[in-house]
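This report describes a protein chain together with two ligands. Please look over the sequence and the structure before reading on.

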Amino acid sequence: MTSVADYYAGKNVLITGATGFMGKVLVEKLLRCCPQVRALFLLVRPKAGQSMQQRVDDMIKCKLFDRVREDDAHFHRKIVPISSELTEPGLAISPEDADKLAACVNIVFHCAATIRFDEPLKHAVQLNVIGTQQLLGLARRMRHLEAFIHISTAYANCNRKHIDEVIYPPPVEPRKLIESLEWMDDRIVQDITPRLIGNRPNTYTYTKALAEYVVQQEQDKLNIGIIRPSIVGASWQEPFPGWIDNFNGPSGVFIAAGKGILRTMRANNDAVADLIPVDVVINLTLAAGWYTAVHKLVPRCPPGPLQKHHVMSSFKRNPLEQAFRRPNANITSNYLIYQYWILVSHKFPALLYDLVLRLTGQKPQMMRIFNRLHKAISLLEYFSSQDWEWNSENVNMLMAQLSPEDRKVTFNFDVRQLNWPEYIENYCIGTKKYVLNEDMSDIPAARQHLRKLRNIRYTFNTVLVVFIWRVFIARSQMARNIWYFVVSLCFKFLSYFRASSTLTN
Ligand SMILES: CCCCCCCCCCCCCCCCCCCC(=O)SCCNC(=O)CCNC(=O)[C@H](O)C(C)(C)COP(=O)(O)OP(=O)(O)OC[C@H]1O[C@@H](n2cnc3c(N)ncnc32)[C@H](O)[C@@H]1OP(=O)(O)O
Ligand SMILES: NC(=O)C1=CN([C@@H]2O[C@H](COP(=O)(O)OP(=O)(O)OC[C@H]3O[C@@H](n4cnc5c(N)ncnc54)[C@H](OP(=O)(O)O)[C@@H]3O)[C@@H](O)[C@H]2O)C=CC1
């Protein structure tokens, strides 16, 4: 039995989506734990005025690569950026680069995708389906290819309640869809999108399902492996706990809750989400690369439960700076209760805050922030308010194939060993440090700010109760009678207490 690192020794690996959240962790892990790997070819596009080389240079400077840097200061020599735009014909790879890749690549990891839930169908198909087809075309030219690993999602088949580790028939024949989209203008595509995606919630899950089918079509020619992670969160252990660099999925929810903006969300009653740490997904992916070189595989990452109270208590211990309110959220599956909390805990405070901003000559902004937040959480609702049953037999089988050292240490993907409260604490701290770039030394000031917010809330509530009561008393004789009765009762109790304490003295 070879170890996973031994397998990658001397291999040339091609990675798409290397500048993304998961791609970066994959590159880091390969360089650190498979030090004999020969070269990593990264398909990267120029973006936002930066050349492909500048983007890769920036990427490897980031903190995520600190441990690799410590081990080998010249690790960047193994990284070979290749200019590529996946939505362009031929992936916009130069003929020389394409020939070079065809001659030497041994393993492909395809991570690139648009993961936006509101992506127009045409663009999602262009990147997630046609981009994948074109990459497979390039893979077919690779003379020494041993495995093609495609990163899909556990929700590609979210229209089913029970999902096995198989490729299901596609919702439509991809070729027919691609042909139709070619002549339709964007307005028509927008109009028919809901009909096309049917009982899937968005173009993302729909195009990921089509991509799986497109990959499966190549199974006679290539060794393919498909990984289906659920909701990918911050790292558990590697390269350090809590690494996260984006607002996607639960991270945006956590940050909004930690800032005291998000106070309610629609989710299933026990508020459990299928979360999986990114380092676990990457360990599984690399192990699958090794195994697929010999066998074919569709493993799904085993998820773990995410619970609301861990998030809240963690942000109370390690508060984010300048919170709008104290972190506290009501999770409910009931639509009416949810709407009530939206009104009372989101819209009313936002209106009040904007009023104060207007009165002090500033531009109102809170309602705009809440409108964006509502759009984002409405897109996540489908996933947070349902449960799925997934089969993970291939994952268990793969685990059993690993050497004890790989299974327990280097490529561990057994989430049963994960301590969830500790993981969530590190996750929340990770959003603070790496997404919001807040300093941990500011925590005492942030705690002081939370105490101030609590005092403001107590004062506000007291004033509100007194005000309502005064209005009520002014209008109702019965309320006045009750009020006088309660006040006289208090006086009687006080005078009795005073009299009895005088007697005992
Ligand atoms: C209450 C607390 C505890 C609760 C625990 C209970 C459990 C419930 C948790 C449930 C979570 C459920 C998550 C389900 C996710 C399913 C995942 C499926 C898995 C996958 O396969 S793929 C990964 C998932 N994909 C995504 O998550 C993408 C979703 N995002 C989008 O589609 C778009 O970003 C969105 C939401 C439509 C917004 O679009 P837009 O308005 O155009 O904004 P931009 O994306 O362009 O961003 C502009 C700007 O804002 C920043 N940003 C983005 N999101 C947030 C946010 N939530 N909060 C704050 N800021 C955010 C973004 O970084 C940009 O900043 P710039 O500086 O770059 O401009
Ligand atoms: N994050 C999650 O929760 C989950 C993710 N997945 C899957 O994992 C994979 C990686 O996701 P994640 O890392 O989170 O996504 P990111 O959005 O962080 O990364 C996407 C990557 O794709 C690249 N890319 C996008 N468009 C193009 C293009 N036109 N040409 C070339 N490259 C492009 C991006 O490059 P650039 O930097 O240039 O934009 C980036 O490197 C995806 O396939 C996704 O479906 C599955 C389940 C859950």
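## The chain as a whole

The chain exposes about 24,900 Å², of which carbon and sulfur atoms supply 56%; accessible areas come from the Shrake-Rupley method with a 1.4 Å probe, and for residues only the protein chains shown count as cover. This is a predicted model, in which local features need pLDDT of at least 70 and side-chain atom pairs count only at pLDDT 80 or more, while totals for chains, interfaces and linings use all residues. Residues are numbered from 1 along each chain as its sequence is written, chains are lettered from A and ligands numbered from 1 in the order in which they are written, and side-chain values use heavy atoms, with hydrogens and water left out.

Along the principal axes, the C-alpha atoms fill a box of roughly 100 × 55 × 45 Å. The chain contains 19 helices and 13 strands; helices (H or I, at least four residues) and strands (E, at least two) are DSSP runs, numbered from the N terminus. Of the 505 residues, 51% are buried, a term that means under 20% relative accessible area, against over 50% for exposed and in between for partly exposed (1.4 Å probe, protein chains only). Among contacts (heavy atoms within 4.5 Å) between residues at least 6 apart in sequence, 83% join residues at least 24 apart.

## Helix H5 and its cover

Helix H5 spans residues 95-104, and its buried residues are Asp97, Ala98, Leu101, Ala102 and Cys104. The cover over these buried residues includes strands S1 (12-16), S2 (39-44) and S3 (79-83), as well as helix H6 (121-141).

## A buried glutamate

Glu165 belongs to the loop between strand S6 (162-163) and helix H7 (174-183). Why does Glu165 count as buried? The reason is its relative accessibility of 11%.

The side chain of Glu165 has a polar atom 2.8 Å from the backbone nitrogen of Glu393. The backbone nitrogen of Asn394 also lies 2.8 Å from a polar atom of that side chain. A polar contact is a pair of N or O atoms within 3.5 Å; within protein, one must be able to donate a hydrogen and the other to accept it, and residues adjacent in sequence count only if both atoms are side-chain atoms.

## Surroundings of ligand 1

Ligand 1 is surrounded by 28 residues, the closest being Arg116, Phe117, Tyr204, Gly249 and Arg372; a residue is near a molecule or strand if one of its heavy atoms lies within 4 Å of it. By class, this shell holds 18 nonpolar, 6 polar and 4 charged residues. Here Ala, Val, Leu, Ile, Met, Phe, Trp, Tyr, Cys and Pro count as nonpolar, Asp, Glu, Lys and Arg as charged, and the others, Gly among them, as polar.

An oxygen atom of ligand 1 lies 2.7 Å from an N or O atom in the side chain of Tyr204, and a backbone N or O atom of Gly249 is 2.8 Å from an oxygen atom of the ligand. Taken alone, ligand 1 exposes 1,400 Å², and the protein buries 73% of that. Helices H10 (250-258), H12 (308-317) and H14 (366-384) are the elements that give two or more residues to the shell, with the largest share, 6 residues, coming from H14.

## Surroundings of ligand 2

Around ligand 2 there are 25 residues, and the closest are Thr19, Arg45, Arg55, Glu85 and Tyr204. A polar side-chain atom of Lys47 is 2.8 Å from an oxygen atom of ligand 2. The protein covers 89% of the 890 Å² of accessible area that ligand 2 has on its own.
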